[in-house]
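Here are some questions and answers on a protein chain. Look at the structure first, then read on.

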Amino acid sequence: MLQDITEKKVWDVIAIAEMFETPGGEIITIPLAEADQVVDDLLEHGSPRYIALITSLNKLSIKEFQELCAIMWLGRGDNESVTFEQLKNRASVQNRDYAASKSLLGKYLRAGLAKLNAIIE
């Protein structure tokens with residue numbers, strides 16, 4: 001059912017989202033080329049979780065990000081009376097900050113993938 005994003009990329013985002021939810025999470029290193037943006041984001045938002053997520057989300061194409069948002073919304077239960085395609089169309093580039101700020105992003109993505117797999121089977 002996924003057309004634009006690979007399941008591996010979704011699991012990568014889940015791993016980053018959940019990394020900061022448990023003590024002793026791995027440290028993520030940010031490439032030097034992105035250092036200025038990371039410092040600006042850190043000063044503005046002050047959260048290593050946010051920085052790691054936004055860095056990961058910014059690497060996704062627009063279509064990949066739209067599909068990721070649709071998976072998140074599906075997992076959150078926002079799919080009543082709308083199709084997966086309609087959920088994808090609802091996402092926009094500006095929602096990257098929104099997605100990164102969701103404390104339950106990993107949980108929503110896990111649930112969304114489970115629902116998609118249930119639809120396929």
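Q: Which residues in H1 are buried?
A: This is a predicted model. A residue is called buried when its relative accessible area is under 20%. In H1, the residues that count as buried are Val-10, Val-13, Ile-14, Ile-16, Ala-17 and Met-19.

Q: How far apart are the end C-alpha atoms of helix H1 (residues 7-19)?
A: Helix H1 has 13 residues, and at 1.5 Å a residue it should span 18 Å. The model agrees with this, because the end C-alpha atoms are separated by 18 Å.

Q: Is Trp-11 buried, partly exposed or exposed?
A: Trp-11 is a residue of helix H1. The relative accessibility of Trp-11 is 34%, so Trp-11 is partly exposed.

Q: Which element gives the largest share of the largest nonpolar core?
A: The largest nonpolar core has 31 residues, and Val-10, Leu-57, Leu-68, Ile-71 and Leu-109 touch the most other members. Elements that give two or more residues to this core include H1, H3 and helix H4 (62-76). The largest share is eight residues, and it comes from H4.

Q: Is Ser-56 buried or exposed?
A: Ser-56 sits in helix H3 (residues 48-58). Beyond its neighbours within four places in sequence, Ser-56 is in contact with Val-13 and Ile-16. Its relative accessible area is 15%, so Ser-56 is buried.

Key
Residues are numbered from 1 along each chain as its sequence is written. This is a predicted model: local features need pLDDT of at least 70, side-chain atom pairs count only at pLDDT 80 or more; totals for chains, interfaces and linings use all residues. Side-chain values use heavy atoms; hydrogens and water are left out. Helices (H or I, at least four residues) and strands (E, at least two) are DSSP runs, numbered from the N terminus. Buried means under 20% relative accessible area, exposed over 50%, partly exposed in between (1.4 Å probe, protein chains only). Contact means heavy atoms within 4.5 Å. The expected span of a helix is 1.5 Å times one less than its number of residues. A nonpolar core is a set of buried Ala, Val, Leu, Ile, Met, Phe, Trp, Tyr and Cys residues joined through side-chain atoms within 4.5 Å.
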